[in-house]
Amino acid sequence: MPLAADPVVWEFEAIGAPWRLDVHPGRDGAGTTVADRAAVDERIAVFDRDWSRFRDDSRIAAIARTPGRHRLAADAGPLMRHLRDLYEVTAGRVNPLVGRSLEQLGYDASYRLTPTGDPIVAPAWDDAISLVTDTAGTLAVDTASPVVLDVGAAGKGYLVDIVADLLIDRGAFGAVVDGSGDLRAVGAASIRVGLENPANPELVVGVVELAAGRALAASAPNRRAWGAGLHHLVDAMTGRPLALDVIATWAVADSALVADGAATALFLGEPRAIAERLGVEYVRMHADGRLEASPGWEGELFR
């Protein structure tokens with residue numbers, strides 16, 4: 001079915017990144033009203049309070065201060081289960097307990113951006129935390145000592161899904177939600193996306209069509225870097241940023257949550273195992289310019 005109207009475009013900053021929403025209005029402008037925009041803003045604010053390690057009043061900050069049982073957000077299940085998949089498929093190299101490692105490297109709440117001391121190796125998941133369903137039916141985490149959770153491996157993708165689904169629930173005809181490289185098309189919307197060359201952002205190394213319901217995530221160390229050899233792609237087993245042969249990844253999946261996590265894991269794990277476990281198609285770009293794609297990749301690559 002063709003789209004009924006040109007999209008309404010919203011651009012804003014959220015959770016430390018630029019966002020763009022292209023929302024095709026439904027009946028009587030549904031999905032694009034002032035109330036709809038306010039609902040999106042509030043949902044993002046709730047997510048930030050639930051999952052940010054950069055604010056003192058978040059659930060993550062409470063877990064970092066005090067050991068014991070902590071109730072997680074009502075929507076924590078899909079995110080935590082996916083993070084466990086990433087942990088297992090990369091043999092612990094992707095680990096939400098990497099927060100202390102990132103803080104030591106200077107990527108902390110005060111944005112010191114200067115490392116202090118030796119690298120901190122993240123604890124093993126099963127040694128440090130356990131997930132339980134409490135008496136109210138809500139997912140909770142038990143900790144023996146304070147730990148700093150960091151859900152950056154997949155959290156932004158999950159929020160993209162949440163926002164996209166919210167817009168459809170509020171009556172939008174279709175939408176493309178772009179959370180700074182994590183994209184999902186929903187409803188009647190689709191989009192053709194260029195794969196940005198991290199060595200030259202003015203160029204693309206390929207294109208892919210995202211049909212409605214599909215998501216694309218991209219990852220590269222230059223997106224969050226703060227010094228020579230300092231970037232967000234940290235191996236939890238060493239506490240150090242990766243010395244990269246792979247310089248960019250792209251993953252396509254049925255959700256931005258899965259695509260985002262896969263794009264991170266593709267730097268740290270065996271790509272075919274990741275594709276099989278997570279159900280994604282992928283491209284990896286190596287430092288020498290070589291492009292490596294999964295057998296089922298349907299986009300065009302400029303080799």
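How many of the 15 residues of α6 are buried? I count eleven, so α6 is largely enclosed by the rest of the structure. Before going on, I note that this is a predicted model, where local features need pLDDT of at least 70, side-chain atom pairs count only at pLDDT 80 or more, and totals for chains, interfaces and linings use all residues. Residues are numbered from 1 along each chain as its sequence is written, and side-chain values use heavy atoms, with hydrogens and water left out.

**Entry: helix α6**

My helices (H or I, at least four residues) and strands (E, at least two) are DSSP runs, numbered from the N terminus. For burial I use relative accessible area: buried is under 20%, exposed is over 50%, and partly exposed is in between (1.4 Å probe, protein chains only). Among the buried residues of α6 I found Tyr158, Asp161, Leu166 and Leu167. I also checked the length of α6, which covers residues 155–169. The expected span is 1.5 Å times one less than the number of residues. For α6 that gives 21 Å, and its end C-alpha atoms are 21 Å apart, which agrees. After α6 comes Gly171, with a positive phi near 105 degrees.

Most residues other than glycine have a negative phi, so I looked up two exceptions. Ile15 has a positive phi near 45 degrees. I find Ile15 in the loop between β1 (8–14) and β2 (17–24), and at 34% relative accessibility it counts as partly exposed. Ser180 is not a glycine either, yet its phi is positive, about 55 degrees. Ser180 sits in the loop between β6 (174–178) and β7 (182–187).

**Entry: Asp22**

Asp22 is in strand β2 and counts as buried at 16% relative accessibility. Its side chain makes a polar contact of 2.8 Å with the side chain of Arg20. (A polar contact is a pair of N or O atoms within 3.5 Å; within protein, one must be able to donate a hydrogen and the other to accept it, and residues adjacent in sequence count only if both atoms are side-chain atoms.) Contact in general means heavy atoms within 4.5 Å. Not counting residues up to four places away in sequence, Asp22 touches Pro7, Val8, Val9, Gly174, Ala175 and Val176.

**Entry: Thr249**

Is Thr249 buried or exposed? Thr249 is buried, with a relative accessible area of 0%. Thr249 belongs to strand β15 (residues 246–253). A polar atom of its side chain lies 2.6 Å from the backbone oxygen of Ala263. Leaving out residues up to four places away in sequence, the residues that Thr249 touches include Ala217, Leu266, Phe267 and Arg284.

**Entry: a three-stranded sheet**

I traced an open sheet in the order β3-β5-β4, with antiparallel pairing. β3 (68–71) and β4 (129–133) are at the edges with a single partner strand each, so one side of each has no neighbour in the sheet. The twist averages 30 degrees from one strand to the next. (Axes are lines fitted to C-alpha atoms, for helices over the stretch in contact, and angles run from 0 to 180 degrees between N-to-C directions.) Two strands pair if DSSP finds at least two bridges between them; β4 and β5 (residues 139–143) have five. Leu131 has Val141 in β5 as its bridge partner.

**Entry: salt bridges**

The structure holds 25 salt bridges, each a side-chain nitrogen of Lys or Arg within 4 Å of a carboxyl oxygen of Asp or Glu. Asp41 and Arg37 form one at 3.1 Å, N to O. Both lie in helix α1 (residues 34–51), four residues apart, about one turn of the helix.

Arg43 and Asp75 meet in another, at 2.3 Å, N to O. This pair links distant parts of the chain, 32 residues apart: Arg43 is in α1, and Asp75 is in the loop between β3 and α3 (76–89). Arg43 is partly exposed at 22%, whereas Asp75 counts as buried at 17%.

My last stop was Asp85 with Arg277, whose closest N and O atoms are 2.9 Å apart. Salt bridges that share partners join Arg84, Asp85, Glu88, Asp126 and Arg277 into one network.
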